[in-house]
Amino acid sequence: MMKMVEIAMPTNLHIKPTLTFNPSASISTWNLRKKPRETTKRKLVAVFASISSSSSSHDTIGEELWPRSELCGSNKEKRASKKRVFFLDVNPLCYAGSTPSLHSFAHWISLFFSQVSLTDPVIAVLDGDGGSEHRRQLLPSYKAHRRKFSRKSSAPKKYPAERSHVVMDVLTKCNVPIAYCMIVALLSSKVVKIEGHEADDVVATLAGQVLQNRHKVVIASPDKDFKQLISEDVQIVLPIAELNRWSFYTLKHYISQYNCDPCSDLSLRCIMGDEVDGVPGIQNVAPGFGRKTALKLLKKHGSLQNLLDAAAVRTVGKQYAQDALTKHSDYLRRNYEILALRRWDVDVQLKEEWLVERDRCNDSIILSNFFKLLEQSKRPAYQSGSHSKID
C-alpha cells in the first residue's frame, strides 16, 4: 500500500461552493423520468452538424469556476501554441451501452491514441468502488442505479479477476499515468490512489493545476458534468458511437447547443436536476418552473447563489418562481453541493513527469496483444492456449 499523496494545492484553486444547505431538507424523486427524451449523443451529433463560426455574439451569464486569466489567454496565437494535456475518463469507455465491455475500452482507447492524443501527455482517471460517500449521504438516490465496472463482470481467463486491473495494465504499458479513486494495492509507480472522491473531482482538481502551468486541458469523456469546466483553454473530446470516432466539443459548440455561457452550467443543472445521476430538479416541487424560466433568471442574476440571495429579500420573478426559490432554497443548495465538482479537498498533486510527451512506440504491439487476449477469452479453455500477458 502506498501512502496518500500530499496536497500542495495553490490557494487560488481551493474553490469551495459558497452555498450552504439544510441537511433535513427533503428531496422528492417521484417525478424523475427513467430515460431522457433525447440521448445526449444524438443532440451532440446535431450540434456538430450545425455548428457555425459566428457564435461569439450570444448572451452569456456568469459564475466562473476558475479566474478567466487562468482559463484563457488574451491572445489567440498564445492559446494555439500551448501544450495540450489530455485527461482520460476511463470508466465510461468500458461499457457498450449499459453492458461492461473490455472490447469497448480497447476500441475507444485504440482510436484515442492513434487519432486524438498522439504524443501529447495523457493522464487517466479510473473510478473504483468507493465513490463519493459525501454525495450519497446528501442524496441516497445519487447514482444508485449505476453498476461498478469491477463488480459482477468476468475478466479474460487466466487474467486478474477485476477488469479494472486489466485496464490499468494496458494503460501503464502505454505510458499513461493513472489516478485510481479507490483504496488499492498499487500496481506500479505510475498509479496513484485517491480516497473518497469520484473521477470527475480528480480530473477537475488536476485540470486546475495544469491550467496554472499554462497548458491547455482536453478532457476525454462523454460525461456532461465536465461541461461546467469548458472555456477557451478547456475542451472536451467525446466518443461518438454514431460516428465511430472521437469528436472535439469546444466553447463554440456549447454556446451553439445551449445559447448560454458554460460558466452558468452548474447553476442551471442545479435548478433543472440531473435525471441520469438521480438528482431531481425544482420542477418536481414546482411544476411550472422550467428551463426557460431558469435561463431567464440566471441571465439576470448570474448564478444560483446570487439568485437565491436576491429572492430572499425581494421579488425576482413571477409568483410561482418566487415561491419555488424561497420555499425550496435548501433543495437547490443541496443540488449544488452534489453536482459541483469538488476541487478544494481532493488529495492529489500534479507531477512534472505527467506533463512530458508520451512515448507511443509500444502502442501498436500492446493494443494488438490486448485485442488477441480478448479474442482468446471468448474461446473454450482448451482452445485459448497459454498466453495470458499483454507484453
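This is a predicted model: local features need pLDDT of at least 70, side-chain atom pairs count only at pLDDT 80 or more; totals for chains, interfaces and linings use all residues.
User: Why is C174 called buried?

Analyst: The relative accessibility of C174 is 0%, so it counts as buried. C174 sits in the loop between α6 and β5.

User: What is C174 in contact with?

Analyst: A contact means heavy atoms within 4.5 Å. Leaving aside neighbours within four places in sequence, C174 is in contact with F113, R358, D359, D363 and I366. There is also C361: its C-alpha atom and that of C174 are separated by 8.4 Å, while the two residues are 187 residues apart along the chain.

User: What makes helix α6 largely enclosed by the rest of the structure?

Analyst: In helix α6 (residues 163-173), 9 of the 11 residues are buried, so the helix is largely enclosed by the rest of the structure. Those buried residues are R163, S164, V166, V167, M168, D169, V170, L171 and T172. Just after α6, N175 takes a positive phi of about 65°.

User: How many helices and strands are there?

Analyst: The protein has 14 helices and 9 strands. Both are DSSP runs numbered from the N terminus: helices are H or I with at least four residues, and strands are E with at least two.

User: How do you know that β5 pairs with β4 and β6?

Analyst: Two strands pair if DSSP finds at least two bridges between them. Strand β4 (residues 122-127) is joined to β5 by 4 bridges, and β5 is joined to strand β6 (residues 191-193) by 3 bridges. Both counts meet the rule, and in each pair the strands run parallel. For example, V125 has A179 in β5 as its bridge partner, and Y180 stands opposite K193 in β6.

User: Which way do the side chains of β5 point?

Analyst: In a regular strand the side chains alternate between the two faces of the sheet. In strand β5 (residues 178-181), I178 and Y180 point one way, A179 and C181 point the other way, and all are buried.

User: What makes a group of residues a nonpolar core?

Analyst: A nonpolar core is a set of buried Ala, Val, Leu, Ile, Met, Phe, Trp, Tyr and Cys residues joined through side-chain atoms within 4.5 Å. The largest one here has 67 residues, and F87, V202, I271, F289 and L325 have the most contacts inside it. Helix α7 (residues 199-212) gives the largest share of this core, 8 residues. A second, separate core has 36 residues, including I178 and L88.

User: What does F289 touch?

Analyst: Not counting residues up to four places away in sequence, F289 touches residues including I271, Y320 and L325.

Note on methods:
Residues are numbered from 1 along each chain as its sequence is written. Side-chain values use heavy atoms; hydrogens and water are left out. Buried means under 20% relative accessible area, exposed over 50%, partly exposed in between (1.4 Å probe, protein chains only).
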